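Me: Could you walk me through the terms used for this model and show how each one follows from its cut-offs?
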Amino acid sequence: MTKPRGAICNLDCAYCYFLAKERLYPDSAFRMSDAMLEAYTRQYIEAQQVPEATFAWQGGEPTLMGLDFFKRAVELQKQYAKPGMKIYNALQTNATTLDEAWCEFFHANDFLLGVSLDGPREWHDAYRVDKGGAPTFDRVMRGIELLKQQRVEFNILATVHAANAPHPLDVYRFFRDEIKTQFVQFIPIVERANETGYQEGNQVTARSVTGKQYGEFLVAIFDEWVHRDVGRVFVQMFDVALGVWLGQPASLCIFAETCGTALALEHNGDLFSCDHFVEPRYQLGNIEQDKLIALVDSEPQHKFGLDKRNTLPRHCRACSVRFICNGGCPKDRIITTPNGEPGLNYLCAGFKKFFTHIDQPMKMMAELIQRQRPPADIMFMLAREHADLDKKFAQAGRNDPCPCGSGKKFKQCHGATVQTEQRPPSRDREKTLRRQNKNPKDF
Ligand code: SF4
Ligand code: SF4
């Protein structure tokens, strides 16, 4: 992840973890030089052991480098590309600086953009403001409109925080129905409350999402998605989870057993272990003095990656969803386990709730894929299950066993609470289907 303009940004989002990094370079102009861009491009391409390379531009706001910088970047990529090599570019932006020229360039050069947007206006503007404290929603929407007009590929990166966390479906439906994006990521805000801007202390700000809120947020969106949007909308976390349920390693570092391959390069060539650990003690070196590949392959970086697994508390090692959670990102491991062991993830309650909740549908989708069927078939299967269950509730007699599988009589279970219409509320129906442990082979 490369930060050609360092931490410099035209916005001043209240929860941003990176703006404080400006203090690391008090006398810097925060502009990657042409010589550094060339050295980086050459070394990065040289280091690839596969016939492709992806350049990931981030910030701060990388477009503040100006369009000519990225034209030059593409020129250098072509110059140093190995024969037959495919080069990709991904760029994370707040989209407020975009105009026709930017969008034409992105389209012509096949850039994939990540646009930061936190949902409808009121929740986006809660924290995403400019340097004067003014809201930015309209400017982001204008940028998105331009991207659409020029057919630039983009996805949405939404943070989940205290303001939007209580409104999962409003946020999700806004992205699906109004932005009409197919790809969305939900990143939890766990913001440390300290003066340094480093990963220190165990207090978080009031803007942070709680573990419980994050779990409930993901569960609500998953339930909507699995019933109507599979194969149509791609939510990064759901895709990553499906991969793991298929037996593949997690494709997202936070859920992988070890990490250490998501390094951050500052504007002056300083290389850090991770974008979330741009701090002096995690600096591996500078690519002007040391070879990039040697720093990536260095002992401190290996240790950084292995520590993710080696410092996992016993509580996590014995956890039923460890295979997908792996204790989450080390930056968020700031609470203690019920036994008082340090190093538990602040979001643990949410991870546990979410991963337990999706177990059954994930197994169904994984089995569909293994049987060469599209995972989207799960939507028909669930619809049929709901219809069958509704029929059973409608036909159940007062003294019959309750169709939900509780073992109670209908009149003492769902029949007791649902008198005018003999069917359980939808949330109960979900539980019932899970209890019945439905399997794709039944269909
Ligand atoms: S510290 Fe967290 S964000 Fe950084 S590479 Fe490891 S898991 Fe990923
Ligand atoms: S859900 Fe909680 S206990 Fe389980 S692995 Fe994740 S962080 Fe650890």
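Me: Why is Phe 137 called partly exposed?
Reply: Phe 137 has 19 C-beta neighbours inside 10 Å, so it counts as partly exposed. The scale is this: 20 or more other C-beta atoms within 10 Å of a residue's own make it buried, 12 or fewer make it exposed, and partly exposed is in between, with C-beta atoms placed from the backbone. This is a predicted model, where local features need pLDDT of at least 70 and side-chain atom pairs count only at pLDDT 80 or more, while totals for chains, interfaces and linings use all residues. Residues are numbered from 1 along each chain as its sequence is written, and chains are lettered from A and ligands numbered from 1 in the order in which they are written.

Me: Where is Phe 137 placed, and what is it in contact with?
Reply: Phe 137 belongs to helix H5 (residues 137-149); helices (H or I, at least four residues) and strands (E, at least two) are DSSP runs, numbered from the N terminus. Leaving aside neighbours within four places in sequence, Phe 137 is in contact (C-beta atoms, placed from the backbone, within 7 Å) with Arg 121, His 124 and Asp 125. Asp 125 is 12 residues apart from Phe 137 in sequence, and their C-alpha atoms are 6.2 Å apart.

Me: What makes Ala 29 exposed?
Reply: Ala 29 has 11 other C-beta atoms within 10 Å, so it is exposed. Ala 29 lies in the segment before helix H1 (34-47). Its C-alpha atom is separated by 9.3 Å from that of Gly 6, 23 residues apart along the chain.

Me: How do you know that S3 and S4 pair?
Reply: Pairing asks for at least two bridges found by DSSP between two strands, and strand S3 (residues 112-116) and strand S4 (residues 153-160) have five, in the parallel sense. One of the partners in S4 is Ile 156, which bridges to Val 115. Likewise, S1 is joined to strand S2 (residues 86-93) by six bridges, running parallel, and Thr 54 stands opposite Tyr 88 in S2.

Me: Why do S1 and S6 stand at the edges?
Reply: The open sheet has six strands in the order S1-S2-S3-S4-S5-S6, with parallel pairing. Strand S1 (52-57) and strand S6 (234-235) each have a single partner strand, so one side of each is left without a neighbour in the sheet.

Me: What makes a nonpolar core here, and which residues of the largest one touch the most other members?
Reply: A core is a set of buried Ala, Val, Leu, Ile, Met, Phe, Trp, Tyr and Cys residues joined through C-beta atoms within 7 Å. The largest has 98 residues, and those touching the most other members include Leu 113, Val 115 and Val 160. Helix H7 (residues 211-228) gives the largest share of this core, seven residues. Apart from it lies another core, of six residues, among them Phe 393 and Phe 410.

Me: What surrounds ligand 2?
Reply: Among the residues near it (C-beta atom, placed from the backbone, within 6 Å) are His 315, Cys 316, Arg 322 and Cys 348. The largest share of this shell, three residues, comes from H13.

Note on methods. Contact = placed C-beta atoms within 7 Å.
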